[in-house]
Amino acid sequence: MPPHVCQEVLTLGVPARFDPGEVLLREGDDGRHVLVLLSGFAKVTARVENGEESLLAVRVGGDIVGEMSAMDGAPRSATVTACGTVASRLVQLDTLLLLLARRPEVHLALTGIMADRLRWANRRRLDFRGYPAKVRLARLLVELATSYGRPTRRGLELGCRLTQPELAALTGAAETTIHKGLRELRRAGLLETGYGITVIRDLPHLRQLADLSPEP
(Lines give C-alpha, C1' and ligand atoms only; values in the text may rest on other atoms or scores of the structure.)
Protein backbone atom coordinates (compact mmCIF):
# COMPACT_ATOMS: atom_id res chain seq x y z
CA MET A 1 0.00 0.00 0.00
CA PRO A 2 1.16 3.60 -0.50
CA PRO A 3 2.94 5.05 2.55
CA HIS A 4 0.17 7.54 3.33
CA VAL A 5 -2.40 4.72 3.36
CA CYS A 6 -0.19 2.61 5.63
CA GLN A 7 0.08 5.57 7.99
CA GLU A 8 -3.69 5.93 8.04
CA VAL A 9 -4.09 2.25 8.92
CA LEU A 10 -1.58 2.60 11.76
CA THR A 11 -3.61 5.40 13.34
CA LEU A 12 -6.87 3.44 13.44
CA GLY A 13 -8.33 2.09 16.66
CA VAL A 14 -6.60 2.21 20.02
CA PRO A 15 -3.21 0.94 21.23
CA ALA A 16 -3.25 -2.56 22.70
CA ARG A 17 -0.20 -4.05 24.43
CA PHE A 18 0.10 -7.72 25.36
CA ASP A 19 2.59 -9.28 27.75
CA PRO A 20 4.30 -12.65 27.14
CA GLY A 21 1.76 -15.47 27.39
CA GLU A 22 -1.24 -13.14 27.19
CA VAL A 23 -4.06 -14.11 24.81
CA LEU A 24 -4.78 -11.64 22.02
CA LEU A 25 -7.73 -13.58 20.59
CA ARG A 26 -9.36 -16.73 21.95
CA GLU A 27 -10.75 -19.63 19.94
CA GLY A 28 -14.56 -19.74 20.07
CA ASP A 29 -15.05 -16.11 21.10
CA ASP A 30 -17.54 -13.94 19.20
CA GLY A 31 -15.41 -10.79 18.92
CA ARG A 32 -15.36 -9.01 15.56
CA HIS A 33 -12.43 -6.64 16.07
CA VAL A 34 -9.02 -7.09 14.42
CA LEU A 35 -5.52 -6.46 15.73
CA VAL A 36 -2.81 -4.88 13.60
CA LEU A 37 0.48 -6.11 15.05
CA LEU A 38 3.16 -3.43 15.27
CA SER A 39 5.97 -5.37 16.93
CA GLY A 40 6.70 -8.68 18.61
CA PHE A 41 5.36 -12.06 17.52
CA ALA A 42 2.51 -14.36 18.43
CA LYS A 43 1.55 -17.99 17.90
CA VAL A 44 -1.73 -19.13 16.38
CA THR A 45 -3.07 -22.37 17.88
CA ALA A 46 -6.27 -24.39 17.78
CA ARG A 47 -7.57 -27.47 19.55
CA VAL A 48 -8.31 -30.65 17.62
CA GLU A 49 -11.11 -33.05 18.50
CA ASN A 50 -9.07 -35.06 21.01
CA GLY A 51 -8.30 -31.89 22.98
CA GLU A 52 -4.68 -31.55 21.87
CA GLU A 53 -3.46 -28.08 20.97
CA SER A 54 -1.87 -27.67 17.55
CA LEU A 55 0.28 -24.81 16.31
CA LEU A 56 -1.09 -23.44 13.04
CA ALA A 57 1.09 -20.43 12.26
CA VAL A 58 3.12 -17.54 13.63
CA ARG A 59 2.34 -13.85 13.26
CA VAL A 60 4.77 -10.95 13.63
CA GLY A 61 4.82 -7.17 13.49
CA GLY A 62 3.18 -6.08 10.23
CA ASP A 63 0.59 -8.87 10.30
CA ILE A 64 -3.12 -8.61 11.05
CA VAL A 65 -5.04 -11.13 13.16
CA GLY A 66 -8.77 -11.66 13.63
CA GLU A 67 -9.69 -10.79 10.05
CA MET A 68 -11.60 -14.02 9.36
CA SER A 69 -14.20 -13.48 12.10
CA ALA A 70 -14.43 -9.82 11.11
CA MET A 71 -15.27 -10.79 7.54
CA ASP A 72 -17.68 -13.72 8.06
CA GLY A 73 -19.06 -13.15 11.56
CA ALA A 74 -18.21 -16.69 12.74
CA PRO A 75 -16.59 -17.35 16.15
CA ARG A 76 -12.81 -17.13 16.36
CA SER A 77 -11.27 -20.20 14.70
CA ALA A 78 -8.00 -20.10 16.67
CA THR A 79 -6.26 -18.66 19.71
CA VAL A 80 -3.51 -16.07 19.26
CA THR A 81 -1.01 -15.83 22.12
CA ALA A 82 1.79 -13.32 22.64
CA CYS A 83 5.34 -14.68 22.66
CA GLY A 84 7.21 -11.82 24.21
CA THR A 85 5.75 -8.33 24.34
CA VAL A 86 3.38 -7.50 21.47
CA ALA A 87 2.35 -3.96 20.53
CA SER A 88 -0.71 -3.58 18.33
CA ARG A 89 -3.66 -1.43 17.32
CA LEU A 90 -7.13 -2.76 18.18
CA VAL A 91 -9.58 -1.84 15.39
CA GLN A 92 -13.31 -2.36 15.81
CA LEU A 93 -15.34 -3.82 12.94
CA ASP A 94 -17.27 -0.65 12.06
CA THR A 95 -14.01 1.30 11.79
CA LEU A 96 -12.49 -1.41 9.61
CA LEU A 97 -15.52 -1.52 7.29
CA LEU A 98 -15.47 2.25 6.85
CA LEU A 99 -11.80 2.08 5.95
CA LEU A 100 -12.35 -0.71 3.42
CA ALA A 101 -15.16 1.28 1.75
CA ARG A 102 -13.00 4.42 1.61
CA ARG A 103 -9.69 2.79 0.67
CA PRO A 104 -10.00 0.05 -1.96
CA GLU A 105 -6.23 -0.53 -1.81
CA VAL A 106 -6.63 -1.66 1.81
CA HIS A 107 -9.42 -4.01 0.76
CA LEU A 108 -7.14 -5.49 -1.89
CA ALA A 109 -4.27 -5.84 0.59
CA LEU A 110 -6.50 -7.62 3.13
CA THR A 111 -7.83 -9.94 0.43
CA GLY A 112 -4.24 -10.69 -0.59
CA ILE A 113 -3.29 -11.53 3.00
CA MET A 114 -6.18 -13.99 3.31
CA ALA A 115 -5.27 -15.56 -0.05
CA ASP A 116 -1.62 -15.93 1.02
CA ARG A 117 -2.70 -17.69 4.21
CA LEU A 118 -4.93 -20.07 2.29
CA ARG A 119 -2.04 -20.89 -0.06
CA TRP A 120 0.24 -21.43 2.96
CA ALA A 121 -2.24 -23.90 4.46
CA ASN A 122 -2.58 -25.68 1.11
CA ARG A 123 1.20 -26.00 0.81
CA ARG A 124 1.38 -27.57 4.27
CA ARG A 125 -1.23 -30.17 3.24
CA LEU A 126 0.63 -30.98 0.02
CA ASP A 127 3.95 -31.19 1.87
CA PHE A 128 2.47 -33.73 4.29
CA ARG A 129 1.62 -36.02 1.39
CA GLY A 130 4.57 -35.42 -0.89
CA TYR A 131 7.72 -35.09 1.23
CA PRO A 132 9.48 -36.92 4.08
CA ALA A 133 9.71 -35.17 7.44
CA LYS A 134 13.25 -33.81 7.00
CA VAL A 135 12.32 -32.13 3.72
CA ARG A 136 9.13 -30.73 5.27
CA LEU A 137 11.22 -29.27 8.09
CA ALA A 138 13.62 -27.69 5.59
CA ARG A 139 10.73 -26.22 3.59
CA LEU A 140 9.20 -24.73 6.73
CA LEU A 141 12.52 -23.21 7.86
CA VAL A 142 13.07 -21.66 4.41
CA GLU A 143 9.60 -20.12 4.50
CA LEU A 144 10.08 -18.74 8.01
CA ALA A 145 13.52 -17.37 7.08
CA THR A 146 12.34 -15.65 3.91
CA SER A 147 9.22 -14.24 5.59
CA TYR A 148 10.55 -13.27 9.01
CA GLY A 149 14.35 -13.62 8.88
CA ARG A 150 16.65 -10.80 9.95
CA PRO A 151 20.07 -10.61 8.26
CA THR A 152 23.01 -10.89 10.68
CA ARG A 153 26.72 -11.64 10.28
CA ARG A 154 26.02 -15.33 10.90
CA GLY A 155 23.10 -15.62 8.50
CA LEU A 156 19.34 -15.14 8.63
CA GLU A 157 18.11 -15.08 12.22
CA LEU A 158 14.48 -16.13 12.56
CA GLY A 159 12.33 -13.46 14.14
CA CYS A 160 10.38 -16.03 16.11
CA ARG A 161 11.41 -18.79 18.51
CA LEU A 162 9.69 -22.14 17.93
CA THR A 163 10.15 -25.15 20.17
CA GLN A 164 10.69 -28.64 18.77
CA PRO A 165 7.09 -29.69 19.61
CA GLU A 166 5.85 -26.61 17.73
CA LEU A 167 8.03 -27.37 14.70
CA ALA A 168 6.68 -30.91 14.84
CA ALA A 169 3.11 -29.59 14.83
CA LEU A 170 3.77 -27.32 11.84
CA THR A 171 5.43 -30.09 9.84
CA GLY A 172 3.18 -32.98 10.88
CA ALA A 173 6.14 -34.99 12.18
CA ALA A 174 7.06 -36.68 15.44
CA GLU A 175 9.07 -34.61 17.89
CA THR A 176 11.89 -37.18 17.84
CA THR A 177 12.04 -36.87 14.05
CA ILE A 178 12.33 -33.08 14.29
CA HIS A 179 15.07 -33.42 16.91
CA LYS A 180 17.03 -35.69 14.57
CA GLY A 181 16.42 -33.43 11.57
CA LEU A 182 17.64 -30.31 13.39
CA ARG A 183 20.75 -32.17 14.55
CA GLU A 184 21.54 -33.23 10.98
CA LEU A 185 21.01 -29.68 9.69
CA ARG A 186 23.37 -28.33 12.34
CA ARG A 187 26.03 -30.91 11.48
CA ALA A 188 25.74 -29.97 7.81
CA GLY A 189 26.37 -26.31 8.67
CA LEU A 190 22.97 -25.20 7.40
CA LEU A 191 21.52 -24.23 10.74
CA GLU A 192 22.61 -22.84 14.09
CA THR A 193 20.44 -22.96 17.19
CA GLY A 194 20.88 -21.45 20.61
CA TYR A 195 18.79 -20.29 23.51
CA GLY A 196 15.85 -18.51 21.93
CA ILE A 197 17.40 -18.15 18.46
CA THR A 198 17.59 -20.03 15.20
CA VAL A 199 19.97 -18.86 12.47
CA ILE A 200 19.91 -20.13 8.89
CA ARG A 201 23.60 -20.28 7.95
CA ASP A 202 23.28 -21.47 4.34
CA LEU A 203 19.93 -20.61 2.79
CA PRO A 204 20.78 -21.71 -0.79
CA HIS A 205 21.70 -25.23 0.33
CA LEU A 206 18.70 -25.38 2.65
CA ARG A 207 16.48 -24.47 -0.32
CA GLN A 208 18.12 -27.25 -2.31
CA LEU A 209 17.43 -29.76 0.47
CA ALA A 210 13.85 -28.49 0.64
CA ASP A 211 13.36 -29.20 -3.07
CA LEU A 212 12.77 -25.50 -3.75
CA SER A 213 14.00 -23.53 -6.71
CA PRO A 214 16.96 -21.15 -6.16
CA GLU A 215 16.15 -17.61 -5.12
CA PRO A 216 16.14 -15.06 -7.96
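1. His33 touches Leu25, Gly66, Arg76, Leu90, Val91, Gln92 and Leu93, leaving aside residues up to four places away in sequence; contact means heavy atoms within 4.5 Å. This is a predicted model, in which local features need pLDDT of at least 70 and side-chain atom pairs count only at pLDDT 80 or more, while totals for chains, interfaces and linings use all residues. Residues are numbered from 1 along each chain as its sequence is written, and side-chain values use heavy atoms, with hydrogens and water left out.

2. His33 sits in the loop between β2 (23–25) and β3 (34–47). Strands (E, at least two residues) and helices (H or I, at least four) are DSSP runs numbered from the N terminus. With a relative accessible area of 19%, His33 is buried; buried means under 20%, exposed over 50% and partly exposed in between, with a 1.4 Å probe and protein chains only.

3. Four strands form an open sheet in the order β7-β8-β10-β9, with antiparallel pairing. β7 (150–151) and β9 (191–194) are at the edges with a single partner strand each, so one side of each has no neighbour in the sheet. Two strands pair if DSSP finds at least two bridges between them.

4. β9 and β10 (residues 197–200) run antiparallel and are joined by four bridges. Glu192 has Val199 in β10 as its bridge partner.

5. Helix α5 (residues 133–148) has 16 residues and spans 22 Å from first to last C-alpha, close to the 22 Å expected at 1.5 Å a residue; the expected span is 1.5 Å times one less than the number of residues.

6. In α5, 12 of the 16 residues are buried, so the helix is largely enclosed by the rest of the structure. Among the buried residues are Arg136, Arg139 and Glu143.
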